[in-house]
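Please read the points below alongside the model.

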Amino acid sequence: MDTHEALPDIVQTGIFKAPIEKVWAAISTAEGLSVWFMPNNLQAVVGQEFTIDAGPFGMQPCVVKEVDEPNRIAFAWGKDWVVTITLQTMGDNQTECTLIHSGWKADYVNELGMPHAVVRTQMQGGWVGIHQALGKYVEA
């Protein structure tokens, strides 16, 4: 039983003026993910290990946890977090995209010794811009 206090997930949702196939390519390929997120070597295969280049925080280990083309992809990031992106066709070449960054614990520290509560606060704002960057990329 996990007795650690969970912090809320970071959730970003938006509707993009792009077909679901285009958004799927942006979230499920290394090329697409590199444009709006971070350089990486993702392969959308469950169990596939990959890394993302988090700049000053170094190469971060990830593992693909779920692939449901073209609706959902999830990957573990580091030892604690999971990033899940879900897509839903909204008709007329529009796609709803929800990004969830989960796994936050009040009393945990990440591999770099940074408390989850501090990192979560920083990343909450960062995900706003990252989600907007995804929208700009797929709508271009």
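A residue counts as exposed when its relative accessible area is over 50%, as buried when that area is under 20%, and as partly exposed in between. Lys79, with a relative accessible area of 51%, is therefore exposed. The model is predicted. Across the whole structure, a search finds 2 salt bridges.

**Salt bridge of Lys79 and Asp80**

- Lys79 and Asp80 form a salt bridge, and their closest N and O atoms lie 3.0 Å apart.
- Asp80 has a relative accessibility of 18%, so this residue counts as buried, whereas Lys79 is exposed at 51%.
- Side chains of opposite charge can pair when their charged atoms come close.

**Salt bridge of Glu66 and Arg72**

- A salt bridge also joins the side chains of Glu66 and Arg72, with an N to O distance of 2.9 Å.
- Glu66 counts as partly exposed because its relative accessibility is 30%.
- Arg72 has a relative accessibility of 29% and therefore counts as partly exposed too.

- Asn110 sits in the loop that runs between strand E6 (94–102) and helix H3 (116–139).
- The relative accessibility of Asn110 is 9%, so Asn110 counts as buried.
- Leaving aside residues up to four places away in sequence, Asn110 touches Lys79, Asp80, Trp81, His116 and Val119.
- Among these contacts are Lys79 and Asp80, which form a salt bridge with each other.

Note on methods
Residues are numbered from 1 along each chain as its sequence is written. This is a predicted model: local features need pLDDT of at least 70, side-chain atom pairs count only at pLDDT 80 or more; totals for chains, interfaces and linings use all residues. Side-chain values use heavy atoms; hydrogens and water are left out. Helices (H or I, at least four residues) and strands (E, at least two) are DSSP runs, numbered from the N terminus. Buried means under 20% relative accessible area, exposed over 50%, partly exposed in between (1.4 Å probe, protein chains only). Contact means heavy atoms within 4.5 Å. A salt bridge is a side-chain nitrogen of Lys or Arg within 4 Å of a carboxyl oxygen of Asp or Glu.
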